[in-house]
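The questions below ask what stands behind some of the terms used for this structure, and each answer sets a value against the definition it relies on.

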Amino acid sequence: MSEYILELKDINKEFPGVKALDNVCLNLKPGAVHALMGENGAGKSTLMKCLFGIYNRDSGTITYNGVEVDFKGTKDAIESGIAMIHQELQPIPMMTIAENLFLGNYPLNKFRMVDHDAMNKQTKALLDEVGLNIDPKTLLQELTVSQMQLVEIAKALAHDAKIVIMDEPTSSLTSTEVRTLFEIINRLRDRNIAIVYISHKMEEILEISDDISIMRDGSYVGTWPASEMDNNKIIKYMVGRELKSLFPDKTNVVQDDVVLRVENYTSPNPLSFKECYFELKRGEVLGVGGLVGSQRTELMEAIYGMRETTSGDLFHEGKQININRPADAIKNGIALVTEDRRHNGIFGVLSVSDNVAIASIDQYLGMGNLLNQRRIDEVVDASINRLSIKTASNETHIANLSGGNQQKVIFSRWLANNPDILILDEPTRGIDVGAKYEIYEIINNLAAEGKSIILITSEMSELLGVSDRIMVMCEGRVSGFIDAEEATQEEVMFMATKFMKENA
């Protein structure tokens with residue numbers, strides 16, 4: 001009898017122009033948390049989708065509970081006791097928790113009608129198991145992201161899952177919510193349920209995992225006990241080289257002239273940002289720190305014309321400007337890379353070429369308002385070379401690219417407009433350490449060219465390592481500024497809770 005509940009051997013999968021998986025192997029023990037790591041595009045999610053029946057593998061074998069299996073769809077996998085919690089949760093918001101949990105498998109009464117009482121009772125028991133004290137009749141749209149994830153775990157328990165796959169489960173969670181998730185994972189482990197945990201966050205991996213497997217460029221690198229690994233070893237195996245520093249050396253020179261000045265920016269929402277002010281200099285990377293709910297994103301979206309203000313003035317190179325919509329911001333040389341690239345960053349059904357050109361389409365119109373495709377191709381090719389975007393071709397759908405390469409395409413879109421100011425909202429969220437380093441290099445190079453960068457980030461190391469100066473926000477207000485070279489985590493956290501202390 002094998003010690004493994006799941007054995008994947010020599011799994012191959014090829015997409016047009018891309019070898020996604022090349023003889024990949026993975027063995028999973030019952031009652032263990034098995035981390036699966038690798039750069040974006042390494043093949044982690046593809047491997048799990050082949051297991052889960054979303055993709056058909058080209059070759060290789062999958063052995064589950066000692067029996068070779070070939071799931072033809074997700075229904076086969078779920079009914080066999082394998083559950084997958086995707087990075088981008090896809091609940092049905094207008095349905096209740098109970099209805100989402102039992103979708104397609106509703107309990108029926110003697111009249112063959114849905115037995116809502118039985119369904120709600122079973123749901124309550126499942127929610128109690130994952131520590132979610134909430135009415136089963138609550139609509140999904142009323143839940144937070146972390147609560148939705150717990151519902152997904154409860155759904156796995158409803159199907160008596162023996163294996164639960166978690167793809168980037170903490171990418172949108174606060175530190176407190178991460179602790180709650182880890183408690184649930186430990187309970188699942190105690191019940192002898194096997195967990196596949198996909199994440200780029202090495203501190204989490206080292207804390208929660210029993211074993212770590214690493215993939216690189218579609219190939220299996222190896223598996224090690226988590227107790228034998230550290231950050232440096234993980235990075236070396238993931239990227240195939242040692243990163244001597246997580247951040248590139250700064251080459252930009254912050255100039256004296258102020259490119260952007262914000263004065264007294266205030267939202268009509270009393271719980272949002274109020275009386276915010278700051279200056280941004282040419283060639284500067286201004287980091288914006290703060291806890292969840294500090295209104296960093298909301299302030300920057302207002303500057304970009306996505307949100308209303310009741311007061312405040314904006315100056316670009318000393319001249320007052322009015323921005324009422326994003327088109328006004330673009331005309332004034334301001335670009336925004338949003339936090340949620342999948343929902344409001346990329347156009348997933350369009351090609352790489354279309355995604356780059358779409359924000360500056362007027363530049364490519366020729367006689368008769370026809371698109372000059374040759375000009376678009378020149379710009380896209382230059383972007384692919386400049387930012388080292390990994391894609392089979394310009395016509396590849398952007399949804400087929402890794403997260404890091406999708407982010408580079410979004411950078412390319414705005415660079416085609418040649419903006420003076422780039423607002424980057426969590427630009428490295430959900431991407432691996434190697435891709436992060438490349439994004440940091442892009443930021444560094446743009447600042448060295450004289451671009452001015454506003455960097456919103458929740459990662460303390462990123463805030464301290466990439467910024468020239470740090471602005472900290474707390475409860476909708478600017479609580480202070482710190483020179484990045486002199487900043488400490490303690491000082492940033494003090495400022496991030498400054499007004500909370502005053503209001504306590």
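Helices are DSSP runs of H or I with at least four residues, and strands are runs of E with at least two, both numbered from the N terminus. The structure is a predicted model.

Q: How many helices and strands does the chain have by this definition?
A: Counted in this way, the chain holds 18 helices and 20 strands.

Q: How do you know that the span of helix H6 agrees with its number of residues?
A: The expected span is 1.5 Å times one less than the number of residues; for the 16 residues of H6 (residues 175–190) this should come to 22 Å, and the end C-alpha atoms are 23 Å apart, which agrees.

Q: Why are the buried residues of H6 said to lie on the same side?
A: Val178, Leu181, Phe182, Ile184, Ile185, Leu188 and Arg189 are the buried residues of H6. They cover an arc of only 165 degrees around the axis, and therefore they lie on the same side of H6. On the other side of the helix, Thr176 and Asp190 are exposed, a word that requires over 50% relative accessible area.

Q: What covers the buried residues of H6?
A: With contact meaning heavy atoms within 4.5 Å, the cover includes strands S3 (33–37), S7 (163–167) and S8 (194–198), together with helices H5 (145–158) and H7 (202–208).

Q: Why is strand S7 called largely enclosed?
A: Five of the five residues of S7 are buried, so the strand is largely enclosed by the rest of the structure. Ile163, Ile165 and Asp167 point one way, whereas Val164 and Met166 point the other way, and all are buried.

Q: What makes S6 and S8 pairing partners of S7?
A: Pairing needs at least two bridges; four bridges join S6 (residues 82–85) to S7 in parallel, and five bridges join S7 and S8, also in the parallel sense. Ile85 has Met166 in S7 as its bridge partner, and Asp167 has Ile198 in S8.

Technical notes. Residues numbered from 1 in each chain as written. Predicted model: local features only at pLDDT ≥ 70, side-chain atom pairs only at ≥ 80, totals over all residues. Heavy atoms only, no water. Buried < 20%, exposed > 50% of the residue type's maximum accessible area, 1.4 Å probe, protein only. Arc of directions from axis to C-beta.
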